[in-house]
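Colleague: I would like to learn how to read helix packing and backbone features. Please take me through them on one example.

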Amino acid sequence: MSDCLLLSFPRSHQVVARCQLHATQLSGLARRISRLALAPILTGGCACNRPSPIHHSQFPRGFFSTRDRRQEKAGAGKGSLAVAPTALFLGGLLIYSLYPGDELRQARAARRESEEREDAENARNGAESPAEKTAWSSFANRFEDFSNVTDIEWSTLSDRIVDFILPDWSKTLPGQIRKLQRELSLADGSLANNIWREAHDPFIHPEIQYSAKVRVSDELCDEEKEYLARRKRVATAALAKYLDLNEKDIHPDDVPTIAMCGSGGGLRALVAGTGSLLATQQDGLFDCITYTSGVSGSCWLQSLFHSTLTDRRLDRIVDHLKARLGIHIAYPPAAFSSVTTSPTNKLLLSSLVEKLKGDPNADFGLVDVYGILLAARLLVPKGELGVNERDFKLSNQRQYIKYGQHPMPIYTAVRHEIPDIAAEESKLATANQEQAKKIAQQEAWFQWYELTPYEFFCEEFNAGIPTWALGRRFNNGEDVPPEGNGFHLPELRMPIMMGIFGSAFCATLSHYYREIRPLVKRLTGFATVDEMIYGYNQDLEKVHPIDPALIPNFTYNMKGKLRFTTPTTIHNQEYIQLMDAGMSNNLPIYPLLRPGRDVDMIVAFDASADVKTDNWLSVADGYARQRGVKGWPVGVGWPKGTDSTKKIGQQLDAAQADSKAEVDSKMRQAQQDKDGSGKIPSKGPANDPAEQSEQAKHDIEHPEDSDLGYCTIWVGTTEERSSSPPPPTRALTEETAWRLTEPQAGLTVVYLPFLANPAVEGVNPATSDYMSTWNFVYTPEQIDKVVALARANYAEGRDRIRRAVRAVYERKRRLREDREDEAGRVQYRRLVRLGIADKLGEGDHFS
């Protein structure tokens with residue numbers, strides 16, 4: 001019975017007729033409901049490059065499939081299905097109420113119109129096979145289909161249902177989606193068309209005029225070397241003011257290179273880090289530092305500091321956060337307003353258009369959407385009219401450091417190298433399977449990538465490219481123009497990079513399970529389940545439920561040209577996946593240990609969720625040992641509860657005690673240093689994750705009872721160790737602070753964890769709900785509390801830090817003077833040997 005005939009019947013007859021009309025569709029829907037899935041609209045990559053289990057033609061509902069798909073399913077689903085008359089009636093009534101005849105006709109008409117438009121477009125431009133589809137065309141088609149489906153399905157909901165279960169702003173969503181789809185259609189006059197046309201304008205994007213090559217070297221780039229020379233002069237004046245010295249008396253070589261790093265932790269790390277850096281800026285320490293490095297939220301903090309939003313003033317960052325963090329980044333009205341209205345829509349969506357239009361094999365996924373939402377909150381000022389396009393390119397931050405006027409920011413991300421053991425075994429003989437596994441095990445690591453305003457670099461490869469070339473495809477060390485006419489893509493925008501910096505949700509299944517393991521352990525009878533799951537931990541460490549962001553690999557086809565530590569498979573991959581560096585270490589210390597930076601002191605602010613349980617300093621300790629970093633304070637980090645009396649005794653023996661009595665004395669002292677009571681620490685908290693988490697929570701709430709306080713300082717040594725492994729480094733106390741001035745003293749590490757403080761009531765990192773890493777809304781009052789807590793914690797160690805900086809300065813001054821004296825003596829002896837100095841008859845008593 002056709003729709004036209006239905007309209008000629010009375011209303012009651014129409015209902016019954018429609019029930020019969022849709023009975024077959026209802027039964028088919030029941031059979032298909034378990035297989036329905038939302039099409040991957042956000043994925044821009046071609047099916048040939050990134051296979052997906054979801055067919056491209058699938059839609060949220062079976063009614064809106066393409067004609068070919070419907071015919072295919074109709075042919076495969078022939079046969080009657082016994083359905084009770086009552087079920088048919090009720091089902092048909094439900095379909096009629098949600099999908100009236102007018103809406104069904106609209107769906108058919110919209111579908112026919114879309115297919116006719118697509119056929120006409122293909123006829124005009126030539127048919128495009130699936131293998132030839134570009135990332136942009138794939139994305140545009142999917143988004144248009146999604147927009148059509150949203151329009152149709154939303155219109156089927158009655159106003160009564162919408163008013164009852166949905167908020168008022170939901171009524172505007174179909175219109176906002178349709179508007180966004182039109183702007184991204186690349187039609188004449190559309191926003192996407194404007195963006196792509198400007199991408200070819202060298203006055204707007206000067207970097208598109210220049211080719212880029214991969215720089216292979218173990219040295220810093222020339223721009224960073226020049227920055228260091230200029231920063232040294234600025235830091236000299238700042239150090240004189242900080243230590244109350246006469247600037248004329250300070251030799252530039254005596255000025256210590258100080259770095260400051262902030263941990264990951266989402267908005268908690270962003271807000272707490274702002275409070276910590278604000279305290280150092282007001283104290284004068286911040287002006288003395290040369291580098292800042294960040295992970296996750298601390299990367300967001302660096303991007304705000306080096307922007308037009310704050311004019312490099314941390315107090316303005318606090319005001320900016322108060323104005324912008326009161327709304328969730330994914331709140332639909334605010335999010336759609338940012339991407340559909342000027343001037344923010346152009347700046348936020350440029351990253352999408354340039355990435356997908358400029359690279360036919362590019363990918364656009366959840367991390368990219370997340371980055372755009374973050375940028376809409378953090379890189380846009382209150383009122384939105386003051387947004388500046390220069391804040392959307394990382395390389396533009398060069399203008400804030402080119403004269404050495406501010407610390408150089410180091411952003412971090414990691415790539416998870418997951419070896420294919422089966423592939424290695426197939427290459428080698430059966431007798432060498434163990435060798436294949438060993439090779440795979442060696443290559444299972446997180447590779448660290450660093451981004452500065454000058455260079456995108458990986459120390460594993462000893463290779464990098466200019467930051468302004470980020471996002472370009474490379475082949476054999478040279479960039480590949482996308483259009484073959486000398487045109488190069490503009491630099492990959494900050495929204496994409498901010499998503500990568502904070503993409504902690506791309507963690508492995510092992511990371512996810514570690515978050516919930518304490519809860520599982522508490523459940524009665526789940527101990528066996530926990531053991532079974534944790535027994536597969538090595539397999540879980542290789543699975544990422546959410547794909548990390550995909551960017552071009554600048555080492556593609558560079559086999560044999562890179563450092564020996566380069567993975568054997570990286571040369572064959574045209575793209576790499578990058579994610580939050582907190583997956584490897586939540587404290588970005590590794591880039592600060594890079595040769596050439598010669599950092600003398602690291603001040604680490606740790607706002608991680610569980611500062612003691614995660615013990616990120618201890619992870620950095622393992623990295624320093626593996627790399628053979630000279631001067632690193634061995635054994636830094638939170639003392640482990642599993643350290644037994646025997647182990648402590650062995651460590652003391654390694655310290656070369658002269659007598660048994662001395663060993664006993666030192667052992668008793670060591671135990672007192674461990675827990676303040678002389679009792680041997682229990683093994684329980686370290687073995688039981690639930691108890692360990694509770695202990696960490698207690699330590700954060702009560703730092704006076706924990707192993708480390710608000711400020712702990714370690715100093716390494718550059719002298720050769722007589723034991724292997726070397727004994728752990730003790731944290732400095734008032735009585736042992738003199739070790740900072742020893743000639744053989746190495747790197748100084750100052751550690752300030754984010755702990756509760758009685759001086760600031762009503763805020764506790766361990767118990768305050770809004771301190772969660774996954775919280776994206778902070779009220780102005782909460783921001784004030786977090787900033788106040790961070791500043792109070794810094795105040796606890798402010799004087800110790802100043803004395804440590806003074807000690808490092810004095811040590812470097814004395815070493816320089818000793819070198820100069822020795823050089824003078826060598827020169828004098830040389831002159832004497834040549835007969836130039838101390839000639840007879842020139843003033844001596846024999847003349």
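The dialogue below goes through helices, their contacts and some backbone angles.

Modeller: Ground rules come before the features. This is a predicted model, where local features need pLDDT of at least 70, side-chain atom pairs count only at pLDDT 80 or more, and totals for chains, interfaces and linings use all residues. Residues are numbered from 1 along each chain as its sequence is written, and side-chain values use heavy atoms, with hydrogens and water left out.

Colleague: How many residues does helix α12 have, and what span does it reach?

Modeller: Helices are DSSP runs (H or I, at least four residues), strands likewise (E, at least two), and both are numbered from the N terminus. The expected span of a helix is 1.5 Å times one less than its number of residues. Helix α12 covers residues 266-283, which is 18 residues. From first C-alpha to last it reaches 26 Å, close to the expected 26 Å.

Colleague: Is α12 mostly covered or mostly open?

Modeller: Buried means under 20% relative accessible area, exposed over 50%, and partly exposed in between, with a 1.4 Å probe and protein chains only. In α12, 16 of the 18 residues are buried. Just after the helix, Gly-284 takes a positive phi of about 100°.

Colleague: How is the packing of α12 with α13 described?

Modeller: Two packed helices are described by the angle between their axes and the distance between the axes. Axes are lines fitted to C-alpha atoms, for helices over the stretch in contact, and angles run from 0 to 180 degrees between N-to-C directions. For α12 and α13 (residues 297-305), the angle is about 55° and the axes are 7 Å apart. That makes α12 oblique to α13. The classes are roughly parallel under 35 degrees, roughly antiparallel over 145, roughly perpendicular from 65 to 115, and oblique for the rest.

Colleague: Which residues of α12 and α13 meet?

Modeller: Contact means heavy atoms within 4.5 Å. Among them, Leu-270, Gly-273 and Leu-277 are on the α12 side, and Trp-300, Leu-301 and Leu-304 on the α13 side. The residues of this contact divide into 8 nonpolar, 6 polar and no charged. Here Ala, Val, Leu, Ile, Met, Phe, Trp, Tyr, Cys and Pro count as nonpolar, Asp, Glu, Lys and Arg as charged, and the others, Gly among them, as polar.

Colleague: At what angle do α10 and α16 pack?

Modeller: Helix α10 (residues 191-198) packs on α16 at about 70°, with axes 9 Å apart. The two are therefore roughly perpendicular. The contact includes Ile-195 and Trp-196 of α10 and Leu-349 and Val-353 of α16. By class it has 6 nonpolar, 3 polar and 4 charged residues.

Colleague: Where do α14 and α30 meet?

Modeller: The axes of α14 (residues 314-324) and α30 (residues 780-833) come within 9 Å and cross at roughly 145°. Val-318, Leu-321 and Lys-322 in α14 meet Pro-780, Ile-783, Asp-784 and Val-787 in α30. This contact has 5 nonpolar, no polar and 2 charged residues.

Colleague: Which peptide bond is cis?

Modeller: Most residues other than glycine have a negative phi, and most peptide bonds are trans. The bond from Ser-342 to Pro-343 is cis, with omega near 5°. Pro-343 sits in the loop between α15 and α16.

Colleague: What is the phi of Asn-476, and what is that of Asn-557?

Modeller: Asn-476 has a positive phi near 55°, in the loop between β8 and β9. Asn-557 has a positive phi of about 60°, in the loop between β10 and β11. Asn-476 is partly exposed, at 38% relative accessible area. Asn-557 is also partly exposed, at 38%.
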